[in-house]
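Here is my note on the model you sent. Please keep the structure open while reading the points.

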Amino acid sequence: MDTARREFLAGERPDDVLMFLADEAVANPDGLLSIGEATDRGVVLVVPGDRGRSAFESAVGVDPMNFAGAAMGTEGEIAPDLAAGDCPSAHPDEPGEDHRVRFVFAFAEAANPEVGGLYAEGDVIHAYAACTCGTTYSDRWVAGDRPVPDEDE
């Protein structure tokens, strides 16, 4: 895992956004490798907020804030590394279904003790995912609370 993603997940890059784009979600995933980190299924980019929102919309054709608003209505589990997830529409008894993350958009929100809940505990990572089945879902957690793979994994 590269330094930018590790810093983002630790809450050290609050002005940046992170996006994971599966290879099949974008027309030219190889073109993103010069500015992102390759994973086994796609690329992760950590970029300044405004630029990141624009890049996300250009890459997947969806306004990130509209996407986040729609995904917020369904809770799911997004992996700690933000490059995978467990779709809430998946049914374990139907193994032929296709449920893989197509893309993720994430940002951090500063701690706010006055709001309470997670926000009283620290900076909060907000993550929104789109599944290959069409379901969109969200997850959130306190930055640094979920273990991420070691540097060499």
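1. The largest nonpolar core holds 43 residues. Such a core is a set of buried Ala, Val, Leu, Ile, Met, Phe, Trp, Tyr and Cys residues joined through side-chain atoms within 4.5 Å. Buried means under 20% relative accessible area (1.4 Å probe, protein chains only). Phe8, Leu21, Leu82 and Phe103 have the most contacts inside this core. At least two core residues come from each of several elements, including helix 1 (3–9), strand 1 (16–22) and strand 3 (42–48). Strand 6 gives the most, with seven residues. Helices (H or I, at least four residues) and strands (E, at least two) are DSSP runs, numbered from the N terminus.

2. This is a predicted model: local features need pLDDT of at least 70, side-chain atom pairs count only at pLDDT 80 or more, and totals for chains, interfaces and linings use all residues. Residues are numbered from 1 along each chain as its sequence is written, and side-chain values use heavy atoms, with hydrogens and water left out.

3. Leu82 sits in the loop between strand 4 (77–78) and strand 5 (85–86). Its phi is near 65°, a positive value in a residue other than glycine. Leu82 is buried, at 0% relative accessible area.

4. What does Phe8 touch, not counting residues up to four places away in sequence? Among them are Val17, Leu82, Phe107 and Ile125. Contact means heavy atoms within 4.5 Å.

5. The axes of helix 2 (residues 49–60) and helix 3 (residues 64–71) come within 9 Å and cross at roughly 80°. Axes are lines fitted to C-alpha atoms, for helices over the stretch in contact, and angles run from 0 to 180 degrees between N-to-C directions. The two helices are therefore roughly perpendicular (65 to 115 degrees). Arg53, Phe56 and Glu57 in helix 2 meet Pro64, Met65 and Phe67 in helix 3.

Note on methods
Parallel < 35°, antiparallel > 145°, perpendicular 65-115°, else oblique. Buried < 20%, exposed > 50% of the residue type's maximum accessible area, 1.4 Å probe, protein only.
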